[in-house]
Every structure is written in C-alpha cells, then in structure tokens.
Amino acid sequence: MNACLQTIADYGLRSIGIGERLLPRTDFTLCQQFTLIGSGMIWNIYFGVLALMAGFFLATLVAVGKSSRSRLTRKPAEWFVFVFRGSPLFIQFFFAYAVFLAMKGSHPALDVLTSAWLGALIVLFLNTSAYAAEIFHGALKSIPKGDLEAADAYGISGWHRFRRITFPTMLRLAWPAYTNEAIFLFHATTLVFFSGFPAWQQRGDALYYASYFADKTFNPFVPYPILAGYFILLTLGVIGLYGLINRRLNRHLPQEARRRLRIRPNLIR
Amino acid sequence: MFGFCSDPSQIDGLTWLACYLTTGKHMAFYGSFGTVLILLAVTAPVAMLFGFGGAAAARSRFLPLSLFGKGYTAIVRGVPDIAFFLFFVIALDQGFEYLRHKVKCPDWDAPIRQGNDFVVCAEAKLPLSTSPQWMHETYGFFLAVLTFAIVFGAFAANVLYGAMRAVPRGQIETAEAYGMTQRQAFWRILVPQMWIFALPGLGNLWMILVKATPLLFLLGVEDIVYWARDLGGTKLARFSDYPHGDWRIWYFLALLVFYLLLTWVSEKALARLTRRLSHGQATAAGEALRKAGA
C-alpha cells in the first residue's frame, strides 16, 4: 500500500514533468500502470476541454456563415467544414506537423507550434469547430419557423434576434448531437502522440503510456483495459455535465417536449 | 522507368520530376493506395457480416446469445477506437499463436508468459519464421482486416439493430397473420425492408471507415502514411539519386486530397443509393419518388 502511495507521488504528475524522471523499466506493478495511465489523462482532458471551449465560438461563427445567403461568407464556411470533416484527423495531424516544421525556421516565435501542447491543440480546435459547425448548421435550419415569425412580429431583429431567439434555440436543438461530438473529441485526443507530434521527455497522454506498457510487457490485457476504464469514467463525466446544461437549455419547455440526450458515441473522425 | 532517367544528376526541371515520381519506391507508394482500397473493399462486407450477426444475436430470445450481442455492440462505445486497434492486433496475434501452440506442441511444459515475454514453440509461430516476406506482410494485413472488422462490426451491429426495430411493426404482424414462421418473417419481411432505415447509419459508418484507414500505419502495415513519411523526409545526395529537402508537406497534402476525393465520391454514391433504396418504401422519400414517377 505504501509502495503504491510512493508510486503515486512519483508518477502521479509525470505527464506534465513533475516527479520521477525515469519511467519504470522492469517489474511493472499494477499500481504503476494505473498511476501513469491516469497521469496521461491530464493531457487528454487538457486537449479536449480547451479545444471544445475555443471550438464552440468558431463553430457558431462558421455555422452562421454557412447558413448565410451571401456566397462570400457561405463558400469559405462550406469549404472549411468539408476539408476538416472529409479527411482523417490522423492525416490532418501529420500535415499540420509538417507545415509547422516548415514554418519553424522562418521566425523564432513560431517554434512553439511544433510542440504538441499548442500545435496539436490548434488542429483539434479547427477539427472540432468543423464538426460542431455542421451540427449547429443543421440545428439552425430546423429552428421552428414560428419562433422567427414571432420575433418579427415583436419587432425583434438583427443582432438582438440572434442573441435572444436564434442562438438559444439552435443550442437547444443541437445539444444532444453536440454532446456526442464532445465525447468523441475526447477520444480523438488519443491520436496526438501517434501522429508526428513528439512526446517531449516522454510526457505523453494516457494512450501513450498504455502502449508503452503494452510494448514493454507484451501483454495488452492489462494496460488497455485500464485505459478503457479511465475513458469510460471520462465519458460518463462528459455526459453528466452536458446533461446538466441540456436540462438548463430546455427548462422552459413542458416535460414531454424536452429532448432527451441520446448518447451514441461515434468511432473515428 | 524512362530511358533518360539513367543519370538523375544531369537532368532538371520537369524531366527530373518525371523521373523522381517514377522510382521504385514511388511505385510502392502508389501501390499502397491500392492497399487502402483493398482494405476498404474487404473490411466493409466482413464488418457487415459481423454486424448482422451481432444484431441478429441481440434480437435473439435466447438470453446468453442476446447478452452476447448486446455486449458486443456496447463494448466499442465509450472507449477510444484507436485503443482497440492497438489492443486487438496484439491480442489476436497472441490468441492465434496460443491456440496453435496448444494443438501443435502439446508436450511443451515451459510457461507461455515468462515475465515480460510471450513464448510459444517454433512450430506455432505465425507466420513461421521460415516463410517468405510476403507471407509476413499478408499476415499483418489479415490481422488488420480482422481488427477493423471486429471494431466496425460492433458499430454496424448497433446500426442494424436499430434498423430492424425501425421496420413498422405492422409488417411483421401481417406476416404472422399470413402464417409465416418467425424465421420466414425475419428473412422475407424484416431483412428486405430494414436497409433503407439502416442506410443513413451505414453511410456514416462508411465515412468513418474511410477516415480510419490511416490507422493501418499504427498496425504496422506499409500503407500510404508509411510511404509518405518515408519518401517525404529529407534525402541527402549521399544516400539517394534524387536529393531533396523536407517534402513531407507535399506528400501529406496529396493524402489529404486523396481522402477528400474519396469522401466526395462516397457522398455522391450514397445519395444515389438512398434514392434507389427508397423506391417503393412506405416512407416519405419513397412516397415522393412514387408521386414523381406517376
């Protein structure tokens, strides 16, 4: 037990560079595997939370652009969504890393782009923006006509109408699908360290450590189920949080009409 | 390839590019696009079979079978797919070798898991260490297909299970009223009608499958990502007839375009398929087709 507490103290924050420097090399204990893989989850949560929060705003912008009548705003938005939804995230990571590497020489301020904490975050941010924009766009198109007509009748228009009528309704309609998007964005964060971005000083995410253990022990039956357990917990957390927001978005509706969250996580993006 | 390519250092411009793009390694690179397409062509039907089996099992009245079906569909939810890819390849490989070991070397007494090693007798190795290189590559590809099929089969099972339940109940009741057995009603009424309900989900799944193919690289198959990294890296004049700087951007750009094209073509094909399957169905789309035809 004490040995395990010691392990947690040594490796609990290993993924962000605090604690023991050398990873365990022989005699792997269950405790070490749990601790290190759990420590890697910090990165998954970091990538997921920041990309989702930043992506929300860009997604709204792109969705509005995509529903706009002007070609000048609609076409770029459509292309943005097509490029990021139509190609594998894995390839996007590789491509972005190559671009960042090429940019590295041109200006010293651009050096940080090649490190995972910023470079991969940018890719994830753009990617989730495109997926969420498509969801929001679908929701924008299914806003009840009557709501908008009522707004017109009350003389609400322009920014005011968007802020008070369109946006809340769009969010309410899109929320179940957006929850799925959030879940599989967290899953997608596991790709980061397998796609070119280096894990500096072996500071990697949960899957990085899980595959480290699987490679060293030739036994996939321990680290991957541990990883799976952590991710199921994370997924449940996301569902809980988004469920609360969903309740709040629907609070004005009668019980029957509320849209239930239907969880159907997707596979790869 | 071309006659004028015999001395690459003497040529430049477009001729150089023509020679560069037709080297043996580039041919292997172009071939690997075929690998991806073969993987898609093989995996999609196998995954459909797995999915159909899983969905039929989940509907079964026999409790263990239905639990198995439901468990199979539930297992890929909530866990990152890539973890499954990394897991199944080792697990399947060890599973096969373990079974062969039990059959071929029954009097082997050393334990199989020795600390951090997985040791089976030489005859049980897959593929045999004496077999030629192409056997190793084919075996790796086979494992990859099986892994993809298991993971995507679970997802397809989910879609098909939903589609089976979406077929209007009245259709089955009518079949029963005509005296069909359960089996007959399943094969003659349910299965032919479920596809239009399954198509949106399956189309989505196909898109995801297309976008999952770069993960072949993680499974150790020499696919397009492998070659793009290999060919794009900086080449020095000492080691290569065609020295160049870091060209990975261009290779990955080519892959990006390839996938965008694949997505675009799939979207068009799926739209046509939806139209075709809606024909004569008791749905809004089918009704619209009927009215347009009349």
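This is a predicted model: local features need pLDDT of at least 70, side-chain atom pairs count only at pLDDT 80 or more; totals for chains, interfaces and linings use all residues.
Student: Let's start with chain A. What does Arg74(A) pair with?

Tutor: Arg74(A) forms a salt bridge with Glu78(A), and the closest N and O atoms of the two are 3.7 Å apart. Both residues sit in helix H3 of chain A, which covers residues 71-86, and they are four residues apart, about one turn of the helix.

Student: Which residues are linked with Arg74(A) in a network?

Tutor: Lys75(A) and Glu78(A) are linked with Arg74(A) in a network of salt bridges.

Student: And how accessible are Arg74(A) and Glu78(A)?

Tutor: Arg74(A) counts as partly exposed because its relative accessibility is 21%, and Glu78(A) counts as partly exposed at 27%.

Student: What about Arg161(A), which side chain does it meet?

Tutor: The side chain of Arg161(A) meets that of Asp152(A) in a salt bridge, at 3.2 Å from N to O. Arg161(A) is partly exposed at 26% relative accessibility, and Asp152(A) is partly exposed as well, with a relative accessible area of 46%.

Student: Over to chain B. What does Lys25(B) bridge to?

Tutor: Lys25(B) forms a salt bridge with Asp230(B), with the closest N and O atoms 3.1 Å apart. This pair links distant parts of the chain, since Lys25(B) belongs to helix H2 and Asp230(B) to helix H8 (residues 224-232) of chain B, 205 residues apart.

Student: Which residues make the positive surface patch?

Tutor: The positive patch is formed by Arg59(B), Arg61(B), Lys70(B) and Arg165(B). Of these, Arg61(B) is placed in the loop between helix H2 (24-59) and helix H3 (63-75) of chain B.

Student: Why does Arg61(B) count as exposed?

Tutor: Arg61(B) counts as exposed because its relative accessible area is 72%, where the cut-off for exposed is over 50%.

Student: Which residues make the nonpolar patch?

Tutor: Trp250(B), Leu253(B), Val257(B), Leu261(B), Trp264(B) and Val265(B) make a nonpolar surface patch of about 600 Å². Val257(B) lies in helix H9 (residues 248-277) of chain B, and this residue is partly exposed, with a relative accessible area of 42%.

Student: Last topic: what does UniProt list as "transmembrane region" in chain B?

Tutor: The unreviewed UniProt entry lists residues 27-53, 74-92, 139-164, 185-209 and 249-266 of chain B under that name. In the model, residues 27-53 of chain B are 100% helix and 0% strand, with the end C-alpha atoms 39 Å apart, while residues 185-209 of chain B are 100% helix and 0% strand, with the end C-alpha atoms 32 Å apart.

Notes:
Residues are numbered from 1 along each chain as its sequence is written. Chains are lettered from A and ligands numbered from 1 in the order in which they are written. Side-chain values use heavy atoms; hydrogens and water are left out. Patches are made of residues with over 30% relative accessible area and no salt bridge: like charges are joined within 9 Å, nonpolar side chains (Val, Leu, Ile, Met, Phe, Trp, Tyr) within 5 Å. Accessible areas come from the Shrake-Rupley method with a 1.4 Å probe; for residues, only the protein chains shown count as cover. A salt bridge is a side-chain nitrogen of Lys or Arg within 4 Å of a carboxyl oxygen of Asp or Glu. Lys and Arg count as positive and Asp and Glu as negative; His and the chain ends are not counted. The place of a charge is taken as NZ of Lys, CZ of Arg, CG of Asp or CD of Glu. Helices (H or I, at least four residues) and strands (E, at least two) are DSSP runs, numbered from the N terminus. Buried means under 20% relative accessible area, exposed over 50%, partly exposed in between (1.4 Å probe, protein chains only). UniProt positions are given in the numbering used here, feature names are shortened, and annotations may be inferred rather than shown by experiment.
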